[in-house]
Every structure is written in C-alpha cells, then in structure tokens.
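Hello,

Here is the structure I promised to hand over. Please open it first, then read my notes below.

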Amino acid sequence: MDKIIYLDNNATTKIDERVLEKMLPYLTNLYANPSSMHEFGGNLAKAIVNAREQIKEFVGAENKSEITFTSCATESSNIAIRGALEINKNKKHIITTKVEHPAVLNTYKWYEKRGYDVTYLSVNSEGELDLDELKEEIRQDTALVSIMWANNETGVIFPVEKISKIIKDKNPKTLFFVDGVQAAGKIPINVADTNIDFLSLSGHKFHAPKGVGALFVKKGILLPPLMFGGHQENGLRPGTENVASIVGMGEAGMLAKEYLKEENSVVKALRDDLEKGLLSRIPNARLNGSKANRVPNTSNMSFEYIEGELILLHLSDAGICASSGSACTSGSLEPSHVLKAMGIPFTALHGSVRFSLSRFTTKDEIDFVIEKVPSIIKRLNSFSPYQKELKKLEDMRFYEK
Ligand code: PLP
C-alpha cells in the first residue's frame with residue numbers, strides 16, 4: 001500500500017519519536033534490573049521514579065505513590081475492580097453503564113455469574129447518562145460505581161466530577177472507578193479535584209508503546225494484588241518492571257499534557273471539517289453521539305442501509321484506516337453494544353464507522369478522505385437492497401438545500 005491515512009487512533013496510536021528516543025537507552029545499554037542493589041540497577045529505579053512523577057502530574061494526583069504501572073488498561077481496570085470488591089466483600093451491588101469497554105463489562109458479567117447484583121445504567125440517544133437514575137440506584141450495599149470518562153466508540157464524555165459528587169453524597173463508602181483510557185490526552189484530567197478512587201490508563205492510546213498501562217489508586221486505599229510475587233510497584237503489580245515502556249509512558253504523558261490545547265483546537269477543527277465534508281456530500285450519512293459533549297478527536301458516523309464492515313474494507317483498499325466498534329468487539333459482526341444502547345435504528349446500526357484522529361493527522365489527509373469516501377459510499381449504495389429508502393434520503397437532502 002502506497003499511502004496510509006490512519007484514522008483509528010482510539011484503537012491505538014503511533015509512538016511519538018521523542019518517546020522512542022527516551023526509551024531506546026533502556027532497550028540497549030541500560031538493561032539492569034531496577035531492583036538490583038548496584039548503581040547500574042539503581043539508575044533504572046530512578047527512571048521509574050521519574051516516570052511515576054510524570055504520570056502523577058499528567059493525571060493531577062497528589063502523590064506519586066498513588067500511581068502503579070501495569071501492562072495495559074485492562075490489567076489496571078481488573079486490579080481496581082477486583083481489589084475494590086475484595087475489600088468490600090460484604091457488599092454485593094455494583095453500578096456501571098451499558099456502554100463501557102469490554103475490558104470492564106466482561107469483568108462485571110463474571111461477577112454477575114458469582115451472585116453480584118449489577119445495575120447497568122442506560123444512555124439516551126446522544127449517548128448521555130441520566131444522573132437522576134444513577135442517584136436512585138446507589139444503595140447502602142453498593143460496593144463500587146464504575147463509569148468511563150469518555151466513550152471509545154462515540155467519544156461522548158461523562159461528567160465525572162458531577163458523578164463523583166452524587167456518589168459520595170449518597171454513600172461516602174461507595175468506591176468510584178473511572179476508565180480514563182479515552183479521556184487521557186484529549187481532555188484535562190485531574191483526579192484530586194474530581195474525587196475519583198481509581199483511574200485506569202493505557203500508554204498506547206497517547207503515543208507511548210503497547211504493553212504499558214497505569215492505575216491511580218487514591219492514597220489511603222489499600223488494594224490486594226491480582227498476582228502474588230515480588231515487591232515491585234509496592235506489591236500491587238509484582239514482576240520485573242518494563243522499564244523502557246514505563247519511561248516511554250511517562251514522556252508520552254508529559255507530551256500529551258503539552259498538546260492538550262492543540263488537541264482541542266487543531267485536531268478538533270480537522271475532525272469537524274471531516275464531519276462537515278462527509279455529512280454534506282453523503283445523503284445517507286448521520287452522526288452518532290452528542291455533537292457538543294465529545295472528545296475532540298472522535299467522530300462516529302453511520303452510513304444508512306449499508307454494512308459497516310464492507311465500508312471498512314473499501315476504505316482500507318483506499319488506504320484509509322478506520323474502525324467499527326471497539327477493537328475488542330470488531331470481527332464479531334455483532335452490532336455495537338454502545339450504539340444499541342443509544343437506540344440507534346437498525347438501518348444505521350450496521351453501517352457505523354468510527355474515525356479517530358490524532359495530533360499527527362494532517363489537513364491533506366482529511367481532504368483526501370472527504371474526496372474519497374463519498375464515491376465509495378455511492379458505489380456501495382448501488383448494491384444496497386434499500387434503493388427506495390436511499391432515494392428518499394437523497395430527495396430529502398435535495399429539498400433541505
Ligand atoms: N478502556 C477503553 C475505554 C478502551 O478504549 C480500551 C482499549 O481500546 C481499553 C479500556 C483497554 O485498553 P488496553 O488495550 O490497554 O488493555
């Protein structure tokens with residue numbers, strides 16, 4: 001393939017060259033074990049301390065001891081959820097949402113099979129929560145509320161600060177876990193101000209490598225580990241540290257903080273151009289999720305009456321990388337559980353495509369996509385069995401103009 005236009009940054013991102021540069025010495029000459037007593041190892045231990053300080057800054061934690069490095073956000077989330085339920089063993093109620101990532105949802109399905117009562121909060125057609133419903137559902141035996149900060153498929157942001165206030169006002173003993181994976185680097189995060197107990201992060205979503213994550217655990221909460229082993233990461237995540245990737249994640253966190261303004265101006269403007277360009281040229285295109293209340297890089301669109309998977313294959317042939325649903329559910333041909341929860345009509349549910357940009361996306365790339373996608377959709381429309389319905393949409397657009 002000559003040219004790749006990568007609009008799948010919610011699945012994973014490219015490593016920033018500055019991140020790679022910081023990592024390289026730890027993949028070559030600085031290979032000692034950070035737990036060793038010699039100075040060689042001590043220097044690596046210092047590099048981990050520095051990365052912990054950077055991630056503390058990135059999420060606005062009060063103390064770097066609140067940050068634990070893991071292998072990915074799935075691991076971070078499992079440590080938080082399973083640990084929180086372990087220290088609250090006598091409470092068997094969990095509240096979460098219908099639109100969480102499988103890394104979290106499947107953990108609750110597992111607990112449900114083991115006798116836990118799990119409340120799945122619904123969302124409206126814009127993908128937003130009803131905070132009164134949340135308030136009503138919190139009980140004396142609610143051990144944990146688990147709500148993501150930003151949705152990976154639609155980019156819709158949940159009001160984490162308001163949510164934590166509702167939880168702590170109604171039951172101060174209920175713990176609050178936030179999957180922060182898709183918020184990190186896209187909107188400001190400050191865990192100290194928002195009264196969150198646990199936050200999970202994934203390095204590869206903000207230009208660090210795959211295979212490294214972090215977990216924030218509020219000071220004073222003592223979680224049991226998932227695995228038993230050495231003393232690394234205060235015993236919460238034993239095993240010799242992945243020093244190079246931890247160093248990379250720290251650096252990527254600092255860069256993400258620096259680029260937050262650009263993300264919300266330049267990247268957002270490109271995303272908005274893409275949407276405007278496609279919606280005005282394609283009669284059967286529609287936007288999914290709240291237009292205003294979204295992270296700046298994500299656009300979830302449906303092309304009604306045609307199949308999303310087919311669209312992705314044709315986009316791929318043109319060198320355009322996009323997604324339908326999350327990487328963990330794609331391939332299953334099941335429609336997105338997020339769009340289903342939003343009540344998106346059947347005819348649009350199967351034709352959804354997520355475009356997700358990054359600070360490396362260029363105007364030329366977006367212009368190319370705006371030029372290319374309408375002809376791809378036009379061709380696919382001609383194979384659709386819903387010709388009458390498509391004609392109706394085209395006529396409606398004609399009269400709107
Ligand atoms: N949570 C959300 C919202 C995600 O988007 C993802 C990855 O797509 C994860 C969790 C899992 O992250 P990881 O790949 O680091 O396990």
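**Salt bridges**

D16, R18 and R359 are joined in a network of salt bridges. Keep in mind that this is a predicted model. The count of salt bridges comes to 19. Three further pairs are described here.

Start with R354 and D8. They form a salt bridge, with the closest N and O atoms 3.3 Å apart. This pair links distant parts of the chain, 346 residues apart. R354 sits in strand β12, residues 352-356. D8 sits in the loop between β1 (5-6) and α1 (17-27). R354 has a relative accessible area of 1%, so R354 is buried. D8 is buried too, because its relative accessible area is 11%, and the limit for buried is under 20%.

Next, E233 and R52. Their side chains meet in a salt bridge at 2.8 Å, N to O. Again the pair links distant parts of the chain, here 181 residues apart. E233 is in the loop between β8 (213-217) and α8 (243-258). R52 belongs to helix α2, residues 39-59. E233 has 7% relative accessibility, so E233 counts as buried. R52 also counts as buried, at 15%.

Then D367 and K363. Their side chains meet in a salt bridge at 2.9 Å, N to O. Both residues lie in helix α13, residues 363-383. They are 4 residues apart, about one turn of the helix. D367 counts as partly exposed, at 35% relative accessibility.

**The ligand**

Which residues are around the ligand? They are C72, A73, T74, H101, M148, N152, D179, V181, Q182, S202, H204 and K205. This shell divides into 4 nonpolar, 6 polar and 2 charged residues.

Some contacts to look at:

- D179: a polar side-chain atom lies 2.6 Å from a nitrogen atom of the ligand.
- H204: an N or O atom of the side chain is 3.1 Å from an oxygen atom of the ligand.
- K205: a polar side-chain atom lies 2.5 Å from an oxygen atom of the ligand.

How much of the ligand's accessible area does the protein cover? On its own, the ligand has 390 Å² of accessible area, and the protein covers 91% of that.

Best wishes

Note on methods: Residues are numbered from 1 along each chain as its sequence is written. This is a predicted model: local features need pLDDT of at least 70, side-chain atom pairs count only at pLDDT 80 or more; totals for chains, interfaces and linings use all residues. Side-chain values use heavy atoms; hydrogens and water are left out. A salt bridge is a side-chain nitrogen of Lys or Arg within 4 Å of a carboxyl oxygen of Asp or Glu. Helices (H or I, at least four residues) and strands (E, at least two) are DSSP runs, numbered from the N terminus. Buried means under 20% relative accessible area, exposed over 50%, partly exposed in between (1.4 Å probe, protein chains only). A residue is near a molecule or strand if one of its heavy atoms lies within 4 Å of it. A polar contact is a pair of N or O atoms within 3.5 Å; within protein, one must be able to donate a hydrogen and the other to accept it, and residues adjacent in sequence count only if both atoms are side-chain atoms. Accessible areas come from the Shrake-Rupley method with a 1.4 Å probe; for residues, only the protein chains shown count as cover. Ala, Val, Leu, Ile, Met, Phe, Trp, Tyr, Cys and Pro count as nonpolar, Asp, Glu, Lys and Arg as charged, and the others, Gly among them, as polar.
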